Amino acid sequence: MKQPNILFILCDQFRWDCLSIMGHPTVDTPNLDSLAKQGTLFTNAYSPAPSCVPARASLFTGKSPNLTGFLGYTDGVNWEYENMLPEVLRNNGYQTHCVGKTHFFPQRKHGGFEGLESYEAWQKFDQYYVNDYHEWLKEKSNGLMSELDHGLDDNSWNARPSTLPEELHNNTWVVTKGLEFLRKRDHTRPYFLNLSFHRPHPPIDPPRYYWDEYMQKPLEEVPVGDWAKKHDKPVYGLNVWEGKLSDERLRKMRLGYYAQIAHIDTQIGRLIRELRHIGEMPDMILFTSDHGEMLGDHHLFRKTYAYEGSAAVPFIIWQKNKAGGIKEETPVVLQDIYSTILAYVGIDKPEDVDGVNLMPLINDKQSLERKWIHGEHSSCYSQEEAMQFMTDGKFKYIWFTHTGKEQLFNLEEDPYECYDLAQDEVYELEIEKWRKRMVNYLAIRPEDGLSDGIELKTGLLPVYRKKGNTNGR
């Protein structure tokens, strides 16, 4: 039996709501919308630890942060995992290839990818790292162009158009190199191709065409919660994580971010049209992001938060010759992708994987035993923001591990989390229910000291733990 070909499209810092099929008033994503209409769109998909390294560790191992050891963001820790997703697929006959960002460590670690065309933005942790996109750009421009010429930082709210022509932009390069792989691949084997866009992660630098188009659009109302007053402060730097931007700077940031997404969508459309033309349409396409971007919601920027802008991600699964148009509300997490792909191609998953196979949910309409998902992030920008969260897609409960503060949001009525219900007596039983769930969940992680099985205990988690609790689920 012929093994199916898999295309996995991964973005960095792409918000859950930034698809026009999700009803976004500004973003236009016709190509991703088409995939969703022909496949399954998950409307409650989450990053288990909303920053690059821990999210990707969970995604590529199929394990929760508790099992990967990455409880927050940290660089410089060797990825010593067995059975990473590309490795398992390669060992079962797949030609595995990645174009773009991995954030594995050490840099250029393949993690089971036979081929790796690497782009880690401007991060360079040792003298040996070579950025393949930068080398390609030098060759194409005779050394005259750099993506850094715009002067933007790679974690900043500041935005302006790229100085590069569209055909040389990093988004375009990802698809160009992916198509090159497919033209030259080993046709005696199935392929697993990971196209990993660094954008819309800053720098917010879309090509000029998209910048000009989106700067003409009106900006929607930016959500600011009744609980967000502590973040209403002046913005003193280009890389801050909180503060109130001027109206014009906020407008440029958000519309520039949307323009970046529009360019990615165009490139995905280019990819799919070419795949159909050359007869390389895969059997399954998955599209998602490692985490989101607050984008000024509640006067917050970047990620690591439990809020929807940071923790919720877009997620689409398309299958060849399968009826689509499904909007699936069941809450899922990134580590589920591992189990789902292996089940789809007929490979048994390792015993220590705790991600869930979503194929019965998609194809057979079977409900999952898991009724809610858990996420977390240790201290990053501020100790006060270290958190644990749970959601069933209807309510979200957040517990801040350092302060003991709680928040509760009704996501069905308040999807942008503007009204904190934690102090509302009407919701006293609801918050007690979620608190008990958190107590029980964290009690199986005694090394963290956050629960004694009776009540929650405040404390700070490390960003990385050498060995996770293998009993955690």
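Visitor: Leaving aside its neighbours within four places in sequence, which residues is Ser58 in contact with?

Guide: Bear in mind that this is a predicted model, in which local features need pLDDT of at least 70, side-chain atom pairs count only at pLDDT 80 or more, and totals for chains, interfaces and linings use all residues. Residues are numbered from 1 along each chain as its sequence is written, and side-chain values use heavy atoms, with hydrogens and water left out. Contact means heavy atoms within 4.5 Å. With those sequence neighbours skipped, Ser58 is in contact with Pro48, Lys63, Ser64, Pro65, Thr68 and Gln335.

Visitor: Is Ser58 buried or exposed?

Guide: Ser58 belongs to helix α2, residues 52–61 (helices are DSSP runs of H or I with at least four residues, strands are runs of E with at least two, and both are numbered from the N terminus). The scale goes by relative accessible area: under 20% is buried, over 50% exposed and in between partly exposed, using a 1.4 Å probe and protein chains only. Ser58 comes out at 0%, so it is buried.

Visitor: Now the sheet: in what order do its four strands lie?

Guide: Strands count as paired if DSSP finds at least two bridges between them. The pairing here is antiparallel and the sheet is open. Its edge strands, β10 (373–377) and β13 (406–410), each pair on one side only. Reading across, the order is β10-β11-β12-β13.

Visitor: What does the twist average from one strand to the next?

Guide: Think of each axis as a line fitted to C-alpha atoms (for helices, over the stretch in contact), with angles running from 0 to 180 degrees between N-to-C directions. From one strand to the next, the twist averages 15 degrees.

Visitor: And which helix packs on the sheet?

Guide: The helix in question touches β10, β11, β12 and β13. Its direction makes about 115 degrees with that of β11. It spans residues 428–443 and goes by the label α12.

Visitor: How far apart are the C-alpha atoms of Gly449 and Gly459?

Guide: Gly449 lies in the segment after α12, and at 41% relative accessibility it counts as partly exposed. Gly459 is 10 residues away from Gly449 along the chain. The separation of their C-alpha atoms is 7.3 Å.

Visitor: What is the phi of Arg108?

Guide: Arg108 is found in the loop between β3 and β4. With a relative accessible area of 26%, Arg108 is partly exposed. Although Arg108 is not a glycine, its phi is positive, at about 75 degrees.

Visitor: Then Leu295: is it buried or exposed?

Guide: Leu295 lies in the loop between β6 (284–289) and α9 (308–311). Leu295 is not a glycine, yet it has a positive phi of about 60 degrees. Its relative accessibility is 0%, so Leu295 counts as buried.
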